[in-house]
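I opened a notebook page for this structure. My entries follow in the order I looked things up.

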Amino acid sequence: MKFFTTVESLLSERFGIVPSTLGPNVLTLAVKRRCDALSCNHRFEYLEKLQTEADEMMALIDEIVVPESWFFRDVVPFERLSQALAKRVKEYTPLTPLRVLSVPCAHGEEPYSIGISLLNLGLKTDAFYIKGVDVSQRVLTKARQGVFNSLSFRGENLDFRDYYFEPQENNRYRIKEPLRSHVTFEVANITDPLVLFQDSPYDVIFCRNVLIYFDGPSRERTLRNLDRLLNPNGLLFVGHAEANSAVGRLFAAKNWPGAFAYGKLPVSPKASRPPLRPKKVAVKRSPAFPPDRNVPASVSEKTESQPRPSGQPPQERQQKAKATAKLTYNLSEAHRLADAGQMQEAMKICDKYLEVNGPSSQALFLIGIMYLAGEEKTKARKLLEQAVYLNPQNQEAMNLLSHIASSQGDQAEAKRWKDRLNRVATREVSP
Ligand SMILES: C[S@@+](CC[C@H](N)C(=O)[O-])C[C@H]1O[C@@H](n2cnc3c(N)ncnc32)[C@H](O)[C@@H]1O
């Protein structure tokens, strides 16, 4: 495969970014700058670094991202947000703060604009929490400094600048305290299925001007992440070029012209849910699962895909149905706890579930995700493989396995899982 084709597919697999959307020569120049910085004489020497060193991938990302942003960009979303919150200001207190996520946040113009809007509404800083997330470490270093030049102030009305900023040398402005240090920043990849896994849900999410750079599967993963991260009554704002049918499938558009705002769709029991809200599974009692969570050799009987026992007397069937409902509920509870970052409690429920029900793809998948969240990739990999073994249709597990292998530099294994996932997905959509 050609050098640039390989680099492009690494970027799109890991970060969703399609380099051609960034403009001509962006990738060529970025690679050149990195090769110069590393004194790499041969492209393939550089490719090896890129495939094996996570830091190099992040350094290349820093070179190619487009951190274009400015204060109160598009204006209307900020006005609409203020209108939506105006009557609810008193609800937000230090114990029940409004939670806001700006992803991606570039140099911080967007999360600071949200902060200014909230201060203008009369909220004190301890009544709200704002997190800005971006894939680039370099842009976040600038965001934390909070110093901006004239390009970040493009609107007509710049009164806010006099009030919330202090002038610096060279026509620059620094955002004042307490807002500057109140906004939190974190490096993360919004296309990663486990992004911000430990965070509680947010009341407001701004995810603007990034979906346009992503390929279809990455956009889909991002939207599912946003669905997981948004409170049931939360508000999602996307960019004006991004308010399309893909967003409309998972979220309900607000009729607020120019705001490109969405709420959650009402939950239908039949709707397919995002990764951490699984379908209910049919469970079957079988011997206890060992506490070390290694699937025993005898697991060749694939518990979840077996037919349900039939021919029981009605009463026994009823009791069994009740027990099944209870156990299914328990696994859902484990998902809820894991979503809320309460891993130990979630883990206990999964253990219990496996003990009572025997090997289960859903439970192993969830434990795998929790290990992954704790950066225990090898254990996570083993559990997710077992989850696929028990349920060869488990696409989410395959997707994660591909990501883990790729992040461990095992591109062949990553490709193997991606191919398998594509085969299963194609079979699922074909008539
Ligand atoms: C055009 S800026 C958008 C900033 C802001 N939301 C706005 O609308 O003004 C795009 C940002 O997306 C970031 N980005 C690109 N891919 C990303 C990913 N996979 N996860 C998180 N951030 C990403 C880039 O680093 C860049 O700072």
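Where does proline 104 lie? I found proline 104 in the loop between strand E1 (98-102) and helix H6 (109-120). I note that the model is a predicted one.

**Entry: cis peptides.** I checked omega at proline 104. A cis peptide bond joins it to valine 103, with omega about 0°. I then went on to glutamate 177 and proline 178. They too are joined by a cis peptide bond, and omega is about 5°. Proline 178 sits in the loop between strand E5 (172-175) and helix H9 (179-182). I flagged both bonds because most peptide bonds are trans.

Entry: I located serine 39 in the loop between helix H2 (26-38) and helix H3 (43-52).

**Entry: ligand shell.** I counted 24 residues around the ligand. Pro104 is among the closest, together with Val65, Ser69, Val135 and Asn209. By class, the shell holds twelve nonpolar, seven polar and five charged residues. I also looked up where the shell residues come from. Domain 1 (3-64) and domain 2 (76-264) each supply at least three.

**Entry: H14 against H15.** I took helix H14 (residues 361-373) next. The axes of H14 and H15 come within 8 Å and cross at roughly 165°. That angle makes the two helices roughly antiparallel. The crossing is left-handed. On the H14 side I listed Ser361, Leu364, Phe365, Ile367, Gly368, Tyr371 and Leu372. On the H15 side I listed Lys377, Lys379, Ala380, Leu383, Leu384, Gln386, Ala387 and Leu390. I sorted this contact into ten nonpolar, three polar and two charged residues.

**Entry: H15 against H16.** How far apart are the axes of H15 and H16? I read 9 Å between helix H15 (residues 377-390) and helix H16 (residues 395-407), at an angle of about 150°. H15 and H16 are therefore roughly antiparallel. I recorded a left-handed crossing for H15 and H16. H15 contributes Lys377, Ala380, Arg381, Leu384, Glu385, Ala387 and Val388. H16 contributes Ala397, Met398, Leu400, Leu401 and Ile404. I sorted this contact into nine nonpolar, no polar and three charged residues.

Technical notes: Residues are numbered from 1 along each chain as its sequence is written. This is a predicted model: local features need pLDDT of at least 70, side-chain atom pairs count only at pLDDT 80 or more; totals for chains, interfaces and linings use all residues. Axes are lines fitted to C-alpha atoms, for helices over the stretch in contact, and angles run from 0 to 180 degrees between N-to-C directions. Helices (H or I, at least four residues) and strands (E, at least two) are DSSP runs, numbered from the N terminus. Angles under 35 degrees count as roughly parallel, over 145 as roughly antiparallel, 65 to 115 as roughly perpendicular and the rest as oblique. A crossing is left-handed if the near helix is turned anticlockwise from the far one by less than a right angle, and right-handed if clockwise. Two residues are in contact if their C-beta atoms, placed from the backbone, lie within 7 Å. Ala, Val, Leu, Ile, Met, Phe, Trp, Tyr, Cys and Pro count as nonpolar, Asp, Glu, Lys and Arg as charged, and the others, Gly among them, as polar. A residue is near a molecule or strand if its C-beta atom, placed from the backbone, lies within 6 Å of it. Domain bounds come from an automatic or database domain assignment.
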